[in-house]
Each structure stands twice: as structure tokens, then as C-alpha cells.
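Please keep the sequence and the model in view while reading the points.

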Amino acid sequence: MSAEPELIELRELAPAGRAGQGRTRLERANALRIARGTACNPARQLVPGRGHRFQPAGPATHTWCDLCGDFIWGVVRKGLQCAHCKFTCHYRCRALVCLDCCGPRDLGWEPAVERDTNVDEPVEWETPDLSQAEIEQKIKEYNAQINSNLFMSLNKDGSYTGFIKVQLKLVRPVSVPSSKKPPSLQDARRGPGRGTSVRRRTSFYLPKDAVKHLHVLSRTKAREVIEALLRKFLVVDDPRKFALFERAERHGQVYLRKLLDDEQPLRLRLLAGPSDKALSFVLKENDSGEVNWDAFSMPELHNFLRILQREEEEHLRQILQKYSYCRQKIQEALHACPLG
């Protein structure tokens with residue numbers, strides 16, 4: 001890693017009215033970074049993607065479509081997922097997939113020792129409440145241990161600022177707008193179906209070793225970090241498709257824990273110290289299988305109910321059709337049998 005990493009300043013992204021100035025420079029820099037050999041040629045948009053082996057997604061698949069960006073939900077007919085690259089889409093979107101399969105992605109995980117603490121037995125993750133004097137002392141100790149200029153600093157209002165490093169380990173592709181004008185941060189927060197202006201998308205796979213440093217406040221939340229990262233890469237996928245994890249190495253094992261939306265990463269960084277083994281942050285797909293229904297709007301929830309009703313009616317129709325067919329065959333066999 002270079003001595004002067006590229007930084008993302010989240011304090012400029014928080015107020016809705018200050019997102020205009022300086023935005024063009026960041027977008028242009030990122031467009032040049034990701035466009036080199038990654039974006040699809042418009043002339044090839046109608047060519048189906050090669051190498052995919054789609055199969056029905058598992059029962060715990062509750063995620064967003066990698067093609068259209070809409071939520072995939074259902075009880076029986078959830079969607080399709082490539083067995084190789086994990087590209088996930090609606091049944092209706094299968095014929096429109098133009099991105100070639102990249103094959104299984106080796107992201108350098110340690111499956112033999114890695115444990116997800118959201119599933120396995122809980123591990124003690126200490127997050128004590130610190131007094132102002134303790135915070136000041138912790139910052140001094142933190143700055144004394146680092147060998148770069150990524151210091152933490154205490155503000156007059158009692159908050160503090162500092163840097164966190166996030167490693168992007170995404171298996172599935174992400175989507176960027178096909179047009180030059182990217183969506184606003186407010187569009188990303190609205191989610192699908194709430195005024196999102198981007199309809200034409202280009203999908204590509206992020207480099208597996210992508211790392212970003214973010215300059216954040218102590219009150220910056222995990223969800224805001226995710227939104228800033230997506231904004232940096234011009235990603236138009238719903239932020240709820242992703243989750244921020246904390247990773248720690250303890251006693252020869254690697255532990256992962258998904259952060260809640262309102263958790264404060266910089267506070268966790270301060271408590272753990274600067275060591276990456278003690279704590280690091282990883283952005284992954286939010287494929288836990290759980291659905292936070294409170295995060296959806298009323299129109300979206302009503303739409304899910306309509307989808308559920310249609311799926312139930314179709315499932316009942318298929319079941320009744322099977323029983324009717326079986327009953328018909330039995331009756332034909334009875335009529336064909338000679339009497340006596």
C-alpha cells in the first residue's frame with residue numbers, strides 16, 4: 001500500500017446541501033479508475049453473458065438483483081444465482097444478463113478458521129462507554145502507536161475525527177450508471193422505486209484487493225460508511241445490498257461480525273487500537289438471509305404482499321393441477337379395467 005492512500009472525506013457528504021462543490025473531481029477520478037477494461041462496450045449490450053450456470057436461489061436468499069437493482073423476494077420462486085460467480089437476478093432478468101461469468105472468485109478468505117459471530121456462539125466484543133478524559137487519553141495512545149499521518153484528533157465539541165480502512169471483498173458484481181451523470185447520494189438513500197433516476201446500468205466486478213481509507217467523525221454510522229463507499233465507486237445498487245463487517249484475529253481464528261446500521265466504526269477503531277489484526281473493516285454482500293422489513297417503505301411492503309399473493313395463487317394452481325392430473329389418470333385406469 002502506498003504511503004499516501006486515497007481518502008474519502010465523509011464530513012462533506014453528510015449535509016444534503018453541500019454535496020455539489022468538489023463532486024465532479026471525485027466522480028471523474030473514479031470513472032477513470034474503474035472504466036479501464038471493466039465497463040461493457042455499448043455495442044455488445046445485446047450479447048448474452050457467457051459462462052453462467054444459473055440455478056434457483058436458495059430459500060435464504062433475500063437480496064437485490066444484480067441486473068435491475070430491485071429486491072428479490074418470494075417464498076418459492078425467489079430468483080436465480082450463477083453457481084460459479086454468484087450473479088443473482090430475477091427470473092425475468094435472466095435473458096438480459098450481458099456480463100460474462102468470471103468464474104469462482106478467490107477473495108483470500110480463510111474458510112478453515114473464519115467464524116461468523118452472528119451465527120455461531122457469541123464472542124465478547126467490548127464497547128465500553130468512555131468519559132471525555134478517557135477518550136482524550138485513548139487518542140493519545142492511538143496516535144503514539146501509528147507510523148503514518150493518519151492520526152485521530154479531538155474536536156472542541158467533544159467528538160473526534162480519524163481514519164478507517166475498509167477492504168472491499170465483494171463476490172457479486174456491482175452496477176454503475178451507463179450515462180455520465182451519476183445518481184445523487186439522496187437517490188442512493190431512497191432505494192429502488194423511490195425516485196431513483198438511474199435505469200440504464202453497467203455491471204462489473206470490483207478488484208478483489210480494493211481498499212479505501214475514509215476520514216470520518218466519531219458519530220459517523222456504519223450505514224453512512226457504506227453509502228460513501230458506493231458513492232465513491234459510482235455504484236447505484238441499493239446500499240442495503242451490502243453490509244460492513246468487523247474482522248478480528250484471536251487465538252488463531254478469524255472472527256467476523258456484521259455491524260448494525262447505527263454502530264460507529266471510528267469508535268470501534270479507537271477502542272481496538274490501530275492494529276489490523278485486532279480490528280479491520282470489510283465490506284461484503286449482505287447475504288445473511290434475514291430481512292429487515294422496517295427498512296422498506298409502505299408502498300414497497302404493499303408490493304411485496306401483492307407478490308406473495310400472486311406467488312401463492314400460482315403455487316396453489318400448480319398443486320391442484322398435479323392432483324387433478326393424477327386423479328384423471330387413476331380414473332382412466334379404472335374405466336379401462338374390465339368389469340368383474
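The numbered points below go from the basis of the model to its strands and then to its salt bridges.

1. Basis of the note. This is a predicted model, in which local features need pLDDT of at least 70 and side-chain atom pairs count only at pLDDT 80 or more, while totals for chains, interfaces and linings use all residues. Residues are numbered from 1 along each chain as its sequence is written, and side-chain values use heavy atoms, with hydrogens and water left out.

2. Confidence. pLDDT is the predictor's confidence in each residue, from 0 to 100. The protein chain averages 75, and 69% of the residues score at least 70. Over residues 11-45 the pLDDT falls below 50, and this stretch has 32 contacts in the model beyond near neighbours in sequence; a contact means heavy atoms within 4.5 Å. Residues 109-124 likewise stay under 50, with 33 contacts beyond four places in sequence. Where pLDDT is low, the predicted coordinates should not be read in detail.

3. Overall composition. The protein chain has six helices and 15 strands; helices (H or I, at least four residues) and strands (E, at least two) are DSSP runs, numbered from the N terminus. Of the 340 residues in the protein chain, 41% are buried, where buried means under 20% relative accessible area, exposed over 50%, and partly exposed in between (1.4 Å probe, protein chains only). Among contacts in the protein chain with a separation of 6 or more, 73% are between residues 24 or more positions apart. The protein chain exposes about 20,000 Å², and carbon and sulfur atoms supply 53% of that area; accessible areas come from the Shrake-Rupley method with a 1.4 Å probe, and for residues only the protein chains shown count as cover.

4. Strands of a sheet pair through backbone hydrogen bonds, either parallel or antiparallel. Two strands are taken to pair if DSSP finds at least two bridges between them.

5. Strand E9 and its partners. In strand E9, seven of the nine residues are buried, so the strand is largely enclosed by the rest of the structure. E9 pairs with strand E8 (residues 153-154) in the antiparallel sense over two bridges, with Ser153 opposite Thr161 in E9. These strands, E8 and E9, form a hairpin with five residues between them, and Gly158 in the turn has a positive phi of about 95°. E9 also pairs antiparallel with strand E12 (residues 211-217), over seven bridges; there Phe163 stands opposite His215 in E12.

6. Strand E15. Which of the residues of strand E15 (residues 280-285) are buried? Six of the six are, so E15 is largely enclosed by the rest of the structure. Strand E9 (residues 160-168) runs parallel to E15 and is joined to it by three bridges; Val166 has Phe281 in E15 as its bridge partner, and Gln167 stands opposite Val282 in E15. Strand E13 (residues 242-250) is antiparallel to E15, with six bridges, and Arg247 has Ser280 in E15 as its bridge partner.

7. Salt bridges. A salt bridge is a side-chain nitrogen of Lys or Arg within 4 Å of a carboxyl oxygen of Asp or Glu. By this rule the count is 15. Asp70 forms a salt bridge with Arg92, with the closest N and O atoms 3.6 Å apart. This pair links distant parts of the chain, 22 residues apart: Asp70 is in the loop between strand E3 (63-64) and strand E4 (71-72), and Arg92 is in the loop between strand E6 (88-89) and strand E7 (114-116). Asp70 is partly exposed at 25% relative accessible area, whereas Arg92 is exposed at 55%.

8. Further salt bridges. Asp238 and Arg240 form a salt bridge at 2.8 Å between the closest N and O atoms. Asp238 is buried at 6% relative accessibility, and Arg240 is buried at 14%. The side chains of Arg317 and Glu314 meet in a salt bridge at 2.7 Å, N to O. Arg317 and Glu314 are three residues apart in helix H6 (residues 298-336), which means that about one helical turn separates them. Asp66, Arg172, Asp237 and Lys241 are linked in a network of salt bridges.
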